[in-house]
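Morning, everyone. Please have a look at the chain on the screen, and then I'll walk you through a few parts of it.

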Amino acid sequence: MSEAPRLDLLRPRDIGGLFRDSLNSYFRYFVSWLAIGAAVVVPVEFVVSGLGLGQLSGNFKSTGRESEVAVVLAENYLLVGPLITAMVIHALLAVADGRRPKTGPAITSGLEAFRPIFVAVLISAAGVVLGLIAFILPGIYLAVRWYFAPQAVVVDNRRGVQALERSAELVSGQWWRVFGVLLLVLISVGAAQSAIQAPFTVLAKSADSSAVWLLGTMVSTAFTAPLEALMLTLLYFDLLARRSLPAMVPPVQPPR
């Protein structure tokens, strides 16, 4: 059995290289990424949106109430995004080591890292919200500056405010570049998610069922969230390489 191609993480990538390497890894190990996405998205969406917001049995609504939108945003920012990012990082480290990523160890490692990630992301969220309330622009500035707190926790073993400081250190001097790449990645992944969600939206309208809409959300997010995390984690390593900063990369599971 031939060795899987290695992925050099610590090298600068332009936007083309970022998309190319991300998509190559995503499609090469598609089942692994999808399994990671589903492992997080399905239970979280089932509990928060299905049970908490009543989407398992309600009628279809094209738009939700402000409170529901806020819950969904908080769910994605505090739970789904950080969890998937942590799991994707561990799987990506296996790819960099020339091995096929194993879903089980990646999920387990991601869950173990969630507590410190949650603390860092919660601090970040509080600062961003205050910035948005103050004048909007400070919130956007801080959101970009602290965006890589989850990666700083897993890759560099930073905790709490130190994770935010590490992210800010890497973004410093490259804020506009990072903002542009983030925007392009989020728009691209968002377009893919909307395309996957579209047939479920049609079915949900015809059946007047929010459960069908919820199923579409689960499927589309499970497909696209790992790709987003993959792209932005490669961007994190790109920032490390450009600043020639060492990374305290955690050990990965040996092949079994």
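**Salt bridges, helices and a core**

Let's start with Arg-13. Arg-13 counts as buried, because its relative accessibility is 2%, and the cut-off for buried is under 20%. Keep in mind that this is a predicted model.

So what does Arg-13 form a salt bridge with? The partner is Asp-21. Their closest N and O atoms are 2.5 Å apart. Asp-21 counts as buried too, at 10% relative accessibility.

How many salt bridges are there by the rule used here? The count comes to eight. Let me show you two others.

Take Asp-97 and Arg-6. Their side chains meet in a salt bridge, at 3.6 Å from N to O. This pair links distant parts of the chain, 91 residues apart. Asp-97 sits in the loop between helix H3, 66–96, and H4. Arg-6 lies in the segment before helix H1, which covers 15–28. Buried or exposed? Arg-6 is exposed, with a relative accessible area of 53%. Asp-97 is partly exposed, at 33%.

Now look at Arg-242 and Asp-238. Here the side chains meet at 2.9 Å, N to O. Both residues belong to helix H9. They are four residues apart, so about one helical turn separates them. Arg-242 counts as partly exposed, with 38% relative accessibility. Asp-238 counts as buried, at 1%. There is also a network: salt bridges with shared partners join Arg-6, Asp-97 and Arg-99.

On to the helices. Find H6, residues 149–156, and H7, residues 161–171. How do they pack? The angle is about 105 degrees, and the axes are 8 Å apart. That makes H6 roughly perpendicular to H7, because angles of 65 to 115 degrees fall in that class.

Which residues meet there? From H6, we have Ala-149, Ala-152, Val-153 and Asp-156. From H7, we have Ala-163, Leu-164, Arg-166 and Ser-167. Sort the residues of this contact by type, and you get five nonpolar, one polar and two charged.

How many residues of H6 are buried? Eight of the eight, so H6 is largely enclosed by the rest of the structure. The buried residues of H6 include Pro-150, Gln-151, Val-154 and Val-155. After H6 comes Asn-157, with a positive phi near 60 degrees.

H7 has buried residues as well. Among them are Ala-168, Leu-170 and Val-171. What do the buried residues of H7 pack against? The list is helix H4, 103–135, helix H5, 137–145, H6, helix H8, 175–207, and H9. H7 is followed by Gly-173, whose phi is also positive, near 85 degrees.

Last stop: the largest nonpolar core. This core has 68 residues. Which of them touch the most other members? Those are Leu-9, Trp-33, Ile-36, Ile-84 and Val-178. Helix H9, residues 210–242, gives the largest share of this core, with 14 residues.

Pick out Ile-84 on your screen. Leave aside the neighbours within four places in sequence. Ile-84 is then in contact with Ile-36, Gly-37, Val-40, Val-41, Ala-225, Pro-226 and Ala-229.

One thing to take away: Arg-13 and Asp-21 form a salt bridge, and Arg-13 and Asp-21 both count as buried.

Terms used. Residues are numbered from 1 along each chain as its sequence is written. This is a predicted model: local features need pLDDT of at least 70, side-chain atom pairs count only at pLDDT 80 or more; totals for chains, interfaces and linings use all residues. Side-chain values use heavy atoms; hydrogens and water are left out. Axes are lines fitted to C-alpha atoms, for helices over the stretch in contact, and angles run from 0 to 180 degrees between N-to-C directions. Helices (H or I, at least four residues) and strands (E, at least two) are DSSP runs, numbered from the N terminus. Angles under 35 degrees count as roughly parallel, over 145 as roughly antiparallel, 65 to 115 as roughly perpendicular and the rest as oblique. Contact means heavy atoms within 4.5 Å. Ala, Val, Leu, Ile, Met, Phe, Trp, Tyr, Cys and Pro count as nonpolar, Asp, Glu, Lys and Arg as charged, and the others, Gly among them, as polar. Buried means under 20% relative accessible area, exposed over 50%, partly exposed in between (1.4 Å probe, protein chains only). A nonpolar core is a set of buried Ala, Val, Leu, Ile, Met, Phe, Trp, Tyr and Cys residues joined through side-chain atoms within 4.5 Å. A salt bridge is a side-chain nitrogen of Lys or Arg within 4 Å of a carboxyl oxygen of Asp or Glu.
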